[in-house]
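Hi there,

Here is the structure I promised to pass on to you. Have a look at it first, and then read my notes below.

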Amino acid sequence: MSWRNHYSEKRDFIRMSVNTEASLVIESHTLSLTCVDLSTTGARLICHADSGLEAGQQGVVTISSGGGTTTPLVADASVVRVSRTENGSEDIAVTLTNLR
């Protein structure tokens, strides 16, 4: 029996809940973010200000490893969705297209 039969989300890649610093650079503009969700193909980021991002924009995301000797994850990213949360932050979903 496949793990997908027991996994409630039934995605191709399991999401990991994280809470770590991240940044997204688009057209020489750098946003400071918090990564709250990470999978093999994407990430969910929180911005505590108005990012001005729109779906379809592309850039480079850097997600901190949380310290130690592990280097940060750096990848090309494409913005899939930007939505406002109840507390006024922005919830930003990106697809990771190429690890650097």
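Strands β3 and β6 pair in the antiparallel sense over 6 bridges. Strands here are DSSP runs of E with at least two residues, helices are runs of H or I with at least four residues, and both are numbered from the N terminus. Two strands count as paired if DSSP finds at least two bridges between them. Within this pairing, L45 stands opposite I92 in β6.

Before you go further, please keep in mind that this is a predicted model: local features need pLDDT of at least 70 and side-chain atom pairs count only at pLDDT 80 or more, while totals for chains, interfaces and linings use all residues. Residues are numbered from 1 along each chain as its sequence is written, and side-chain values use heavy atoms, with hydrogens and water left out.

Now for the overall fold. The protein has 0 helices and 6 strands, so its pattern along the sequence reads β-β-β-β-β-β. The 6 strands close into a barrel in the order β1-β2-β3-β6-β5-β4, with antiparallel pairing. From one strand to the next, the twist averages 45°; the axes behind this angle are lines fitted to C-alpha atoms (for helices, over the stretch in contact), and angles run from 0 to 180 degrees between N-to-C directions.

How much of the protein is buried? Buried residues make up 34% of its 100 residues. Buried means under 20% relative accessible area, exposed means over 50%, and partly exposed is in between (1.4 Å probe, protein chains only). The accessible surface of the protein comes to about 6,400 Å², and 48% of that belongs to carbon and sulfur atoms. These areas come from the Shrake-Rupley method with a 1.4 Å probe, and for residues only the protein chains shown count as cover. Among contacts between residues at least 6 apart in sequence, 42% join residues at least 24 apart; a contact means heavy atoms within 4.5 Å.

Next, the salt bridges. Side chains of opposite charge can pair when their charged atoms come close. The rule used here asks for a side-chain nitrogen of Lys or Arg within 4 Å of a carboxyl oxygen of Asp or Glu. How many turn up in the whole structure? The search finds 5 salt bridges.

One of them joins the side chains of D37 and R44, at 3.8 Å from N to O. D37 counts as buried at 9% relative accessibility, whereas R44 is partly exposed at 28%. R44 also meets the side chain of D91 in a salt bridge, at 2.8 Å from N to O. That pair links distant parts of the chain, with D91 in strand β6 (residues 90–99) and R44 in strand β3 (residues 42–47), 47 residues apart. D91 is buried, with a relative accessible area of 11%.

Another salt bridge is formed by D76 and R100, whose closest N and O atoms are 2.7 Å apart. This pair also links distant parts of the chain: D76 is in strand β5 (residues 73–84) and R100 is in the segment after β6, 24 residues apart. D76 is buried at 19% relative accessible area, while R100 is exposed at 63%. Looking back at the salt bridges that share partners, D37, R44 and D91 are joined into one network.

R100 has some other neighbours to look at. Not counting residues up to four places away in sequence, R100 touches V60, V74, A75 and D76. R100 and A75 are 25 residues apart in sequence, and their C-alpha atoms are 5.2 Å apart in space.

Now turn to the loop between β1 (16–26) and β2 (29–38), where you will find E27. Phi of E27 is near 50°, a positive value in a residue other than glycine. S28 is found in the loop between β1 and β2 too, and S28 has a positive phi of about 65° although it is not a glycine. Are these residues buried or exposed? E27 is exposed, with a relative accessible area of 68%, and S28 counts as exposed at 75%.

Last, the cysteines. A disulfide is a covalent bond between the sulfur atoms of two cysteines. With the cut-off that a pair of cysteine sulfur atoms lies within 2.5 Å, the count comes to 0 disulfides. C35 is buried, with a relative accessible area of 0%, and C47 is buried at 3%.

Enjoy exploring!
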